[in-house]
Amino acid sequence: MSRQRQNRRKSHAQHSSSRLQAYLSHHREVAAFSLGKLLKAPVASFMTIAVIGIALALPGAFYHFLKNAQAVSQSWDDSAQISLYLSHDTSDEQGKAIAAALTGRAEIISTRYISQSEALAEFKQHSGFGGILDALSTNPLPGVIIAKPNLSRPRSTQLTHLISELERMPAVELAVFDTEWVARMYAILDVVQSVIAIVAGLLCLAVLLAVGNTIRLDILARKEEIIVIKLIGASDAFVRRPFLYGGFWYGLFGGLFAILLISLALILLEGPIQTLAKLYNSEFSLRILSPAMLLTLLGSSSLLGLLGAWLAVSRHLAQIKPS
């Protein structure tokens, strides 16, 4: 009995292995067949691929340029600081305590307290009015807390909210963001990022429609063939498979075309951007597409092509029934 069980298990394992090999072999054949159909109609296939590539290249290029702009903005963070001017009756101990308390906040990286005497000495050194200031009976300058904000957290409106909150502190008379243009630039980048997300969503929908329409025309052109295949017992999955692979190939080649367009745009813009950077004594240069960006583009385009084909096949294949 044990030997029979072993033989049954062995036979079952061999049968499962042969079925898996046949399944994978059929997938390879269908993938090669679908690719061959694209290559047999190069002009029509290229038009669909170009539409997909252009639709994906636009948000991809905008997103890549946004990342380059954000990389430049990281160098602004070191120069960005909030100056908190304290009231004259605030003692040095109170000022140091306030600075220490602010350092513990997540929105602030570090603080530095400048006492009234330090502020006066620094002003004398850099202003050239030392003699006039010596004639004053009292120190007119307040104590100051220099706070460096964590700009990775309080971008745009959050940064404005932080400044307003600091200015409402009892000992603070005035809060000044020394580089307000940084906040404005971050606000602009936030708006651009939102616009890119909306445009990307609309263009992804356009890719789905382009692939779906191409697959729909292919289904209609092969209607008689599909009817015959169904009459001899083919399942819907068997009939659906070549069209799904067709959508996958359209998406994959569309992604490659989008990468080509973005790379070409980077090459054409590198010279003018280098010239602009030199005018501002900067060594900035455009970053090339990262491997993660390349994989994201190819994966997204392939998935969109597959999804567009699936939607077209699910809708139109069900309408084709053998009479």
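Tutor: Buried means under 20% relative accessible area, exposed over 50%, and partly exposed in between, with a 1.4 Å probe and protein chains only. This is a predicted model, in which local features need pLDDT of at least 70, side-chain atom pairs count only at pLDDT 80 or more, and totals for chains, interfaces and linings use all residues. Residues are numbered from 1 along each chain as its sequence is written, and side-chain values use heavy atoms, leaving out hydrogens and water.

Student: Is S301 buried or exposed?

Tutor: S301 is buried, at a relative accessible area of 0%.

Student: Which residues does S301 touch?

Tutor: Leaving aside residues up to four places away in sequence, S301 touches L56, G251, L252 and G255; contact means heavy atoms within 4.5 Å.

Student: Now the charges. How many salt bridges are found in the whole structure?

Tutor: The search finds 3, a salt bridge being a side-chain nitrogen of Lys or Arg within 4 Å of a carboxyl oxygen of Asp or Glu.

Student: Which residue forms a salt bridge with E165?

Tutor: E165 pairs with R105, with the closest N and O atoms 3.1 Å apart. R105 also meets E107 in a salt bridge, at 3.4 Å from N to O. R105 is partly exposed at 21%, as is E107 at 28%.

Student: And what about R222?

Tutor: R222 forms a salt bridge with E225, their closest N and O atoms being 3.2 Å apart. R222 is buried at 12% relative accessible area, whereas E225 is partly exposed at 38%.

Student: Which residues do shared partners join into one network?

Tutor: The network consists of R105, E107 and E165.
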